[in-house]
Amino acid sequence: MTKIERRSTDQAELRVAGRRIEGLALPFAEVCTATRCGRPERFEPGAFGLGEARTRWLDVGHDRTRVIAYSPGGGLDLRETERGLELSTDPLPELPLVDRTLDEIRRGTLRGLSVEFHAREERTDGNVRVLEHVDLSGVGIVRTPAYTGTSVETRETRQAGTLRGSIPFGSRLECECQTGACQTVEFDATAFDEALQADRLIAVFKDYGGPLAATSRGTMRIRKTDAGLDVEIDLPDTTVGRDVAELAGSVPVIVRPLIDEAASEFDQITDGDELINVYSSAATRAILVGTTDQREGWPEAEIAAEDRAVDQDEARRLMLLGML
């Protein structure tokens with residue numbers, strides 16, 4: 001029989017406002033005490049193997065009849081960062097269960113997160129159990145903590161829309177390099193691996209004076225595919241966010257990386273009179289959003305208005321899953 005274990009986390013500080021839920025589900029650096037976990041233990045970075053295809057839930061109290069989000073495709077974003085296992089979600093609106101859960105988080109009745117997992121690989125370091133690889137079933141919003149120093153919170157997100165763009169692999173793209181040394185760039189499939197692991201990217205409009213979103217806040221999501229990087233940005237309901245939304249409706253807008261060339265790895269080749277930088281590792285400082293006449297090869301980004309309504313077919317499907 002597969003042994004399912006649960007480990008819960010508490011928050012050092014709780015801030016609540018609105019409907020967005022964010023939290024650190026489990027920290028990598030902390031050792032859980034024997035009193036809380038049965039024996040001292042900690043999780044290795046990368047232990048949760050989120051790249052493995054499977055459904056994972058966010059529920060209340062590890063009760064599968066009280067699911068408020070799930071992944072993939074159900075509004076739950078799980079990611080492993082330097083800090084640990086983090087999550088964010090905009091739960092389905094106008095559901096009594098979601099409203100009650102948000103209210104209990106605000107009042108402090110629900111004040112922690114708990115991971116549910118099956119241990120696959122582990123070792124002992126002194127008297128500490130070290131979990132190296134686990135199958136994550138889901139995360140519960142709970143009352144009783146085991147780990148400390150983490151947070152769960154809700155945030156209100158007012159948006160001017162969602163911008164969706166991409167950065168393709170293996171395509172020649174017209175360049176606006178800071179040095180002006182090359183006319184064209186091309187990105188290998190490995191070019192952004194380091195940037196994705198750091199999970200600290202921000203998106204800006206034109207330059208750093210126009211901040212838009214950040215991966216660490218869940219307002220920008222970047223996913224690597226065989227074709228390239230898919231970038232999704234929640235445009236804030238600010239002057240800058242509204243400017244981008246209006247601009248995308250009238251002229252072509254692209255998303256592209258702001259690269260520190262000196263810290264990157266690339267081969268420089270020539271094709272006739274054309275000088276091309278082919279990046280195997282692109283040290284990415286930020287994602288730039290904007291319009292330019294030097295955009296050959298770059299896919300045009302699309303803008304979608306924020307719409308969180310749930311249609312009747314989706315509602316019936318979720319009801320069959322026990323979510324409504």
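How many bridges join strand S20 to S21, and do the two run parallel or antiparallel? In this predicted model, strand S20 (residues 265-271) and S21 run antiparallel, with 7 bridges between them. Aspartate 271 stands opposite glutamate 274 of S21. The hairpin built from S20 and S21 leaves 2 residues between the strands, and glycine 272 takes a positive phi near 70° there. S21 has another pairing as well: strand S14 (residues 184-187) runs parallel to S21, over 4 bridges. In that pairing, valine 185 sits opposite asparagine 277.

Stepping back to the whole chain, the count is 5 helices and 23 strands. The chain has 324 residues, and buried ones make up 49% of them.

On the nonpolar side, the largest core holds 34 residues, and the members touching the most others are Leu163, Phe187, Leu212, Met220, Ile233 and Ile287. Strand S18 (residues 228-236) gives the most to this core, with 4 residues. Methionine 220 is a handy place to look at the packing. Setting aside neighbours within four places in sequence, methionine 220 is in contact with Leu201, Ile202 and Ala203, with Ala213, Ala214 and Thr215, with Val231, Glu232 and Ile233, and with Ile287. Another core lies apart from this one; it has 30 residues, including Phe28, Leu78, Leu95 and Ile141.

Turning to charged side chains, the model contains 19 salt bridges. One of them links aspartate 234 and arginine 221, at 2.8 Å from N to O. Aspartate 234 belongs to strand S18 and arginine 221 to strand S17 (residues 220-224), so this pair ties together parts that are 13 residues apart in sequence. Both aspartate 234 and arginine 221 are buried. Elsewhere, salt bridges with shared partners join Arg42, Glu44, Arg123, Asp125 and Glu132 into one network.

What about the burial of other pairs? Glutamate 22 forms a salt bridge with arginine 20, their closest N and O atoms being 3.1 Å apart, and each of these two residues is buried. Arginine 64 and glutamate 116 form a salt bridge too, with 3.1 Å between the closest N and O atoms. Here arginine 64 comes from strand S5 (residues 63-71) and glutamate 116 from strand S8 (residues 112-125), so the link ties together parts 52 residues apart in sequence. The burial of the two partners can be taken one at a time. Arginine 64 has a relative accessibility of 36%, so it counts as partly exposed. Glutamate 116, with a relative accessible area of 9%, is buried.

Methods: Residues are numbered from 1 along each chain as its sequence is written. This is a predicted model: local features need pLDDT of at least 70, side-chain atom pairs count only at pLDDT 80 or more; totals for chains, interfaces and linings use all residues. Side-chain values use heavy atoms; hydrogens and water are left out. A nonpolar core is a set of buried Ala, Val, Leu, Ile, Met, Phe, Trp, Tyr and Cys residues joined through side-chain atoms within 4.5 Å. Buried means under 20% relative accessible area, exposed over 50%, partly exposed in between (1.4 Å probe, protein chains only). Contact means heavy atoms within 4.5 Å. Two strands pair if DSSP finds at least two bridges between them. A salt bridge is a side-chain nitrogen of Lys or Arg within 4 Å of a carboxyl oxygen of Asp or Glu.
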